[in-house]
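I opened the notebook to look up the salt bridges in this chain. My entries follow the structure.

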Amino acid sequence: VMRANGAQGQVQCKYRTEKGTAMPQYDYEECSGELVFHNGQARALIPIRIMAKDRYEQRDHFKILLEEVEGGAKFNPSDDGGPEKTMATINIEALDGGDGIMRMCDGCFNFDQLALGCKEWREQFTEAIYANGSAEEQRSASWGDWSLHILALFWKVLFAFNPPTSFFGGWLCFFCAVAFIGVMTAAIGDIASLFGCCADIPKSITAITFVALGTSLPDTFASKTAACQDATADNAIGNVTGSNAVNVFLGLGLPWLMGSIYWKVNGTTDKWETTYEHLKDKYEGGAFIVESGDLGFSVTAYILVCSACLTLLVSRRRFLGAELGGSRKLKLTSSVFLVLLWVYYVAVSSWKVLAGDASAMNQVLALGLGLAAAVAIAALVGVILNFACKEEVIPEDPNSMIQIAAPEKVWETE
């Protein structure tokens, strides 16, 4: 790595490798760290070990990235990566490579990638079987860890059959994950419907409580993972909105389209005429009918909830600078408010189903008073947390410095 246009002062940047068609541990060894140019130093080396390559293997490549430069230097904006980072592509070729059928197969499937995928697949089952993910961590597992592990063992092993992303660029993992989620969602929906029937709960209430919870839990955990791992809230919020869009436009649109075509082609039946006796004169040839029922009231409540949620996100962006995160009391207050919005939606929608033909005034009062109660409770929780939670203030050390420390000595004990 060269330092141009002067070498005065100390500058440093971080480096890391990024896999391409070359697989770490099979084609090269992954590495990352900090590259330091001392005063007067204009050249530095990044040691990377390249593994031996069989003659039949195709040319593979990986990248080296330099990021987060400090000390007053900057990256060349004309290089790959622009002003924020710079990168170099390393190509690995086999000496005296042949053109046999094995070389052709490696070009199609990348044997190193398949080997890495098989290794990661075995590790998935190991992590699923052991508490806390490994035999070493299992020795220190608490009773709580064991309880959660036993409860989730079947599901962990079941979803360990989903292949890792190393196969075929992640597409196999994607389609298998979609199939797993689809089967589980259908099963949870049927179980929730059966529970509502056995408990004599109206179908509308079952749909917005048990069925909705069962089908939305995968989205909830996916958004939680994205919120914890990503630098922005885009994936966490986009996952929820995208999932709802798929549920509405595809989950409703496709079955309704198929139902409309079916009834248009086959016409009426005796059961259809008995079920929709009040509509058979209007639709003489038969039609796919979905009566709205309390849908208008439920959609109105949902619009109010969405407006309140978006208002919260916009307010956090304006006054806090971010949709997610912040101090502990602000995070808890926001979480409580969002949970109360869900409770409000379920409560008012269930009230409308049980109340039947309620007057317009009663419906407006239920919507307004319920939303006001949710806001008031969230505000009360915020006030309580403001006095109960004390933020930890970490004092700054003016004499702190950054340096590369030697690794600590590891002592072996019997």
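**Salt bridges**

I looked up Lys 14 and found that it forms a salt bridge with Glu 68, with the closest N and O atoms 3.3 Å apart. The term means a side-chain nitrogen of Lys or Arg within 4 Å of a carboxyl oxygen of Asp or Glu. This pair links distant parts of the chain, since Lys 14 is in strand S1 and Glu 68 in strand S3, 54 residues apart. Strands are DSSP runs of E with at least two residues, numbered from the N terminus.

I noted that the model is predicted: local features need pLDDT of at least 70 and side-chain atom pairs 80 or more, while totals for chains, interfaces and linings use all residues. Residues are numbered from 1 along each chain as its sequence is written, and side-chain values use heavy atoms, leaving out hydrogens and water.

Next I checked exposure, where buried means under 20% relative accessible area, exposed over 50%, and partly exposed in between (1.4 Å probe, protein chains only). Lys 14 is partly exposed at 40%, and Glu 68 is partly exposed at 48%.

I then looked up Glu 67 and Arg 16, whose side chains meet in a salt bridge of 3.0 Å, N to O. Glu 67 lies in S3 and Arg 16 in S1, 51 residues apart. Glu 67 is buried at 19%, whereas Arg 16 is partly exposed at 28%.

My last pair was Arg 49 and Glu 29, at 3.2 Å between the closest N and O atoms. Arg 49 counts as exposed at 53%, and Glu 29 as partly exposed at 34%. Shared partners join Arg 16, Glu 18 and Glu 67 into one network of salt bridges.

Definitions and conventions: Helix = DSSP H or I, 4+ residues; strand = E, 2+ residues; numbered from the N terminus.
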